[in-house]
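Let's take a friendly walk through a protein model, one piece at a time. Keep the 3D view open beside you as you read.

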Amino acid sequence: MAGYIFNEVEKKWQQYWEENQSFKADIDLSKPKYYALDMFPYPSGAGLHVGHPLGYIASDIISRYKRHQGFNVLHPMGFDAFGLPAEQYAIQTGQHPALTTEKNITRYKEQLKNIGFSFDWTNEVRTSDPSYYKWTQWIFKQLFLHYYDLHNQKAAPIETLLRIFEKEGNANVKAVCDEDTPIFTAELWLSMSDKERSDLLLKYRLTYLAEAVVNWCPALGTVLANDEVKDGASERGGYPVERKKMRQWMMRITAYSERLLNDLNDIDWPEPVKEMQRNWIGKSIGAKMAFQVDDMDMQITVFTTRIDTIFGVTYLAVAPESDLTTQLTTAVKMEAVQAYVEATKSRSERDRMSDVKTVSGVFTGSYAINPFNGARIPVWAADYVLAGYGTGAVMAVPAHDTRDYAFAKHFNLPIVEVVAGGDIAAEAFEGKEGKIINSGFLTGLEVKDAMIEAKKFLEANRLGKGTNNYRMRDAVFSRQRYWGEPVPVYFKDDIPHLIPDDSLPLLLPEVDQYLPTETGEPPLGRAENWKHNGQYPYELSTMPGWAGSSWYFYRYMDATNMQEFAHKEAIDYWQDVDLYIGGSEHATGHLLYSRFWNKFLFDMGLVPKKEPFKKLINQGMIQGRSNFVYRINGTNQFVSYHLKDQYEHTTLYADVNIIENDVLDIEKFKASRPDAANATFILENGKYICGYEIEKMSKSKLNVVNPDDIIARYGADTLRMYEMFLGPLEQFKPWNTNGIDGVFKFLKKLWRLYHNEQGNFEVSDGTPTKEELKVLHKTIQKVHDDIERFSFNTSVSSFMICVNELTVLKSNNRKILSDLAVLLSPYAPHIAEELWYLLGNFGTISYRPFPVYDPSLVQEETYEYPISINGKMRGKMSFASDMPAAAIEKEVLASEIVQKWTEGKSPKKVIIVPKKIVNIVL
């Protein structure tokens, strides 16, 4: 073979791996297991760009390395296939989302296979496949059939609760339930109607129906999660979003708040991700207490972490969307309050929490009584209070809270100092330590002591009690759209019933359009006669995008099982994910919901581990390198970068794929833009130089680089190694095609090690020299250590150094080159496979033992010591690596260097740090 023809080699081995199912993972009790997983992609119509494979390449290197180490590796891939983009396309074109999704998946798989990933495609999953979402529906059913038992701190069957209700009512039940759950006797329970019992049980179930304030997007016709809303608009499309109360399916994730929080300590995840989850869960230790509304038969319950400041309360604030606001508003204030409530609907909860500069509110007309001092205080509606956090009401202490202070200043409300030490004329004083003042029986106490005494007063007078609160709310589980998992529920007499297991999966019905009905029902309302047993209407909402991704890691273990979501033997063998790679943007979405579902399955005894992902790595983003051209205003003439400031000009994006080393291919540019077909160009030294900027890859910026183009030009192994070479896995780094040629040349240089000058394969079978072994084993040590540390970029540099040094040594030794091929194979598997084959081996290189580092082969025979005198280096001297310190000292003191600088003075001390430095102190 004359040279390395990468496209032939890569197709050959990709075909071999597929035909031989080289990476199929079966249970093998004779080997330790290793489960490496990537967050599976949504198959968009655009396909992959070069930023997408970064994490996949890293996990593939680990997977291949672990196989070399003797592990049984499960490294699967699938598709998070339900989603709004396919549905929006269906609305626009009428094409069924399943057809769009299938086409996109075919494209994705082709691209992924071209990069040479060692995925086990026999265990592929797709969340939109009925054989998969059958089990998503089954898990939903189990959640509906369970409640959270606080006594045992785990999920328990709802049947257990029913037996207790029938015997003794719910007065002694220790269970997570809605705040407004009434206390009832067994007699009352038995006298209730089926509907009344059903409604009461929904207050306990882990998935339940409730009226909830949600992010409603009229343009998309669906409810959005908080993380799908940015600045009051939908993340996809930028459509306006309003806060609206709707009947929704909910997931009682709050039941698991404490476990979700505590178990973060047991997993090897990036600390920023763990901190995001801690903040999202938002545990607060404090007290819950009630304020009686003046002249009304109602109370306002608040949660506070600062009960010590109770005498400083000068107003109460309630969430605009809360039912409390309607109940508290007087007739005189009704118009103003309604206008304010309407205005706040356009702001997302995230905006309201993060925007500390905007102060808004309206007085409801009602007053409440402070139970500690009898003070009559006004009740305001304010959008910095959220209905879903705590009780939807807060006691405001302006002197000691920044937001309360800004609100009180804005509306000229009283500010009463109750913790000494600040200057409340200038700003709020948080006062977490200090003496209590102006506070009745608490006056003179330290803050921490005042908290204790105030709680005692609360509980003694039955005004409230000490408790914990969590910022996290139950998750909305309904989406008013077509392309999602149907909820396995039908309604009889307005009571939700689960469809039986033998009717799963409940399939998506055919509809004439993918839009809501004329009466406002979700798209499933368009299905003709879509009823259970032809009689009872099904739930018309579908599940959210996170449903299928909350358990998919178990399905990979046994993806073709039609009888259960995965066989116990497979789950007990693979257990959990050893390495999970994906973006940190999923910290409070997928990563939190997956932990929740996993804990529920653990409580049911279906999975052996309480956490699904042992180690998490967040790969950084590969950013785009945008290029610009400069059109002289009022002309069709473009001026080169360094000359542009001589002209009034407009900056335009140019397609990076027709630019090399910032030099524009003018003819391709003309062909790509009709408006530039007849353009003229002012050049620099005969070239049009483009400007550039580092920013996110996107089609609108014309900076998307397709991996197919890179592979066609340089090969998959070059792409794989170059993406690792760009920088540390976790960091953001810019894509720059200008540097890829160096990696391509390295692979060609590697190929030449195994071939003679005529291009024919030629290796020698002699004993390797010391120099060859030293070069190889230095590389083995470095690559091994780098992979174990997930430091892939420095390994690529080590390979380059190794090949350069072996080239200088004119090494073509079979033993050296065999180990080098195995060493390189996790990074560049195609060329490694071909070289292994040329070395006379049969089958894949993938399971060959990884070379073992021998430290004796890399010992330096000599070491060059810096010689310092009074801390300043004056020269260098070389000594045998194993030379005793006393002998080194003798030779150093006798040397010309030391004699020159000591001028005959006797040293006070000679410090020798072996293989580091010699320092002489005069």
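## Rings in the interior

W551 is buried, with a relative accessible area of 0%. Please keep in mind that this is a predicted model. Y132 is buried too, and its relative accessible area is 2%.

In one of them, the ring centres of Y132 and W551 lie 4.5 Å apart with their planes at 10°, so the pair is stacked. The partners come from distant parts of the chain, 419 residues apart: Y132 is in helix 5 (residues 130-144), while W551 is in the loop between helix 16 (546-549) and helix 17 (552-555).

How are the rings of F792 and Y827 arranged? They make an edge-to-face pair, with 6.5 Å from centre to centre and 70° between the planes. F792 lies in helix 25 (residues 792-808) and Y827 in the loop between helix 26 (814-824) and helix 27 (829-838), so the pair ties together parts that are 35 residues apart in sequence. F792 counts as buried at 2% relative accessibility, and Y827 counts as buried at 0%.

Rings can also gather in a group. One aromatic cluster includes F40, Y132, W135, W138 and W551 among its members.

## Charges over rings

Here are two places where the charged end of a lysine sits over a ring.

| Lysine | Ring | Distance from the ring centre |
|---|---|---|
| K12 | Y837 | 4.1 Å |
| K644 | Y630 | 5.5 Å |

## Strands side by side

Now turn to the strands. Strands of a sheet pair through backbone hydrogen bonds, either parallel or antiparallel.

Start with strand 5 (residues 207-217), which is mostly covered: nine of its 11 residues are buried. Strand 5 is joined to strand 9 (residues 242-251) by 10 bridges, and the two run antiparallel. You can find this pairing at T207, whose bridge partner in strand 9 is M251.

Strand 5 is also joined to strand 6 (residues 222-224), by three bridges and again antiparallel. Look for N215, which stands opposite L224 in strand 6. Strands 5 and 6 form a hairpin with four residues between them, and G221 in the turn has a positive phi of about 65°.

Further along, there is an open sheet of four strands in the order 33-32-35-34, with mixed pairing. Which strands stand at the edges? They are strand 33 (872-880) and strand 34 (909-913); each has a single partner strand, so one side of each is left without a neighbour in the sheet. On average, neighbouring strands of this sheet are turned by 20° against each other, direction ignored.

Within this sheet, strand 32 (residues 862-869) and strand 35 (residues 917-921) run parallel and are joined by three bridges. S868 stands opposite N919 in strand 35.

S322 is placed in the loop between strand 12 (315-318) and helix 11 (323-328). At 11% relative accessibility, S322 counts as buried. The side chain of S322 reaches the backbone nitrogen of L324 at 3.0 Å.

How many disulfides are there, if the sulfur atoms of two cysteines must be within 2.5 Å? The count comes to zero. As for individual cysteines, C177 counts as partly exposed at 30% relative accessibility, whereas C690 counts as buried at 3%.

Definitions and conventions: Residues numbered from 1 in each chain as written. Predicted model: local features only at pLDDT ≥ 70, side-chain atom pairs only at ≥ 80, totals over all residues. Heavy atoms only, no water. Pairing = 2+ DSSP bridges. Axes fitted to C-alpha atoms, helices over the stretch in contact; angles between N-to-C directions. Phe/Tyr/Trp six-rings, centres within 6.5 Å; stacked < 30°, edge-to-face > 60°. Buried < 20%, exposed > 50% of the residue type's maximum accessible area, 1.4 Å probe, protein only. Lys NZ or Arg CZ within 6 Å of the ring centre and 35° of its normal. Polar contact = N/O pair within 3.5 Å; in protein donor to acceptor, adjacent residues only side chain to side chain. Disulfide = S-S within 2.5 Å.
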